Amino acid sequence: MQRSLLVLAFASLVVAASPAEAQQKSPPTCAAIDFRPVADGMSDGEQEAGLYKSRFGRIEVRGIVKGGKAEDYAMAFNGKKAAPLASLPKSVEKCLAEKKVPVPTSAAQQACGGSKLKVVIDSSASPKIALLYGLQGRSWRFCHAAQV
């Protein structure tokens, strides 16, 4: 009797964790991914600062290096460079508050940088919105926004 219950419990776990169910999941409505900046001394040009890959897509943060130092950073999604977004929908404010980064009050900075980088993705908006932040001192500074 106990053995049949154990087999039944195991079978139900296998069915619950089936690949078909995993594929039906949608991305979280709000996500934040941290990246490291490009190390000093890299060769000039565009250098990969970080890569994040999941079943929902691929995010790259690329540093634009001149004179061995990163002057700016840009985002790419699924291998395509992100086009800058001129204005943000109100819907991103909830996501930004959840991830404890400031809501942009002005236009994007001319150059993005810092000791750490963060990409915040708001999937509740249609199309999705991605925002790049750089940690300068103890505060996050808004760099760029793009549609994903």
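Mentor: Happy to! Helices (H or I, at least four residues) and strands (E, at least two) are DSSP runs, numbered from the N terminus. On that basis, Glu93 belongs to helix H3. You are looking at a predicted model, where local features need pLDDT of at least 70 and side-chain atom pairs pLDDT 80 or more, while totals for chains, interfaces and linings use all residues. Residues are numbered from 1 along each chain as its sequence is written, and side-chain values use heavy atoms, without hydrogens or water.

First, the setting. The protein has 3 helices and 8 strands, and along the sequence they come in the order α-α-β-β-β-β-β-α-β-β-β. Of its 148 residues, 34% are buried (under 20% relative accessible area; exposed is over 50%, partly exposed in between, with a 1.4 Å probe and protein chains only). Taking contacts (heavy atoms within 4.5 Å) between residues at least 6 apart in sequence, 50% join residues at least 24 apart.

Of its 17 lining residues, Pro27, Ser54, Phe56, Ile59 and Ile121 are the closest to its centre. (A pocket is an open set of points on a 1 Å grid over the protein atoms alone, where a 1.4 Å probe fits, with protein on both sides within 12 Å along at least five of seven lines; lining residues have an atom within 4 Å of a point. Points are joined across faces, edges and corners, and the volume is the space filled by probe spheres set on them.) Strands E1 (30-35), E2 (45-54) and E3 (57-66) each give the lining at least two residues. E3 supplies the largest share, 3 residues. Sorted by class, the lining holds 10 nonpolar, 4 polar and 3 charged residues (Ala, Val, Leu, Ile, Met, Phe, Trp, Tyr, Cys and Pro are nonpolar, Asp, Glu, Lys and Arg charged, the others, Gly among them, polar).

Pro27, one of those central lining residues, leads us to Ser123, which has Pro27, Pro28, Thr29 and Lys128 as contacts once neighbours within four places in sequence are left aside. Ser123 sits in the loop between strand E6 (117-122) and strand E7 (129-136). Its side chain reaches the backbone oxygen of Pro28 at 3.2 Å.

On to Ser91, in the loop between strand E5 (80-81) and helix H3 (92-98). Beyond residues up to four places away in sequence, Ser91 touches Asp122, Ser124 and Ala125. Ser91 and Ser124 are 33 residues apart along the chain, yet their C-alpha atoms are separated by 7.3 Å. Ser91 counts as partly exposed because its relative accessibility is 34%.

The C-alpha atoms of Glu93 and Pro104, 11 residues apart along the chain, are separated by 9.0 Å. In the loop between H3 and E6 you will find Lys100, which counts as exposed because its relative accessible area is 71%. Phi of Lys100 is near 60°, a positive value in a residue other than glycine. Asn78 likewise has a positive phi, near 50°, and is placed in the loop between strand E4 (69-77) and E5.

Conventions
A polar contact is a pair of N or O atoms within 3.5 Å; within protein, one must be able to donate a hydrogen and the other to accept it, and residues adjacent in sequence count only if both atoms are side-chain atoms.
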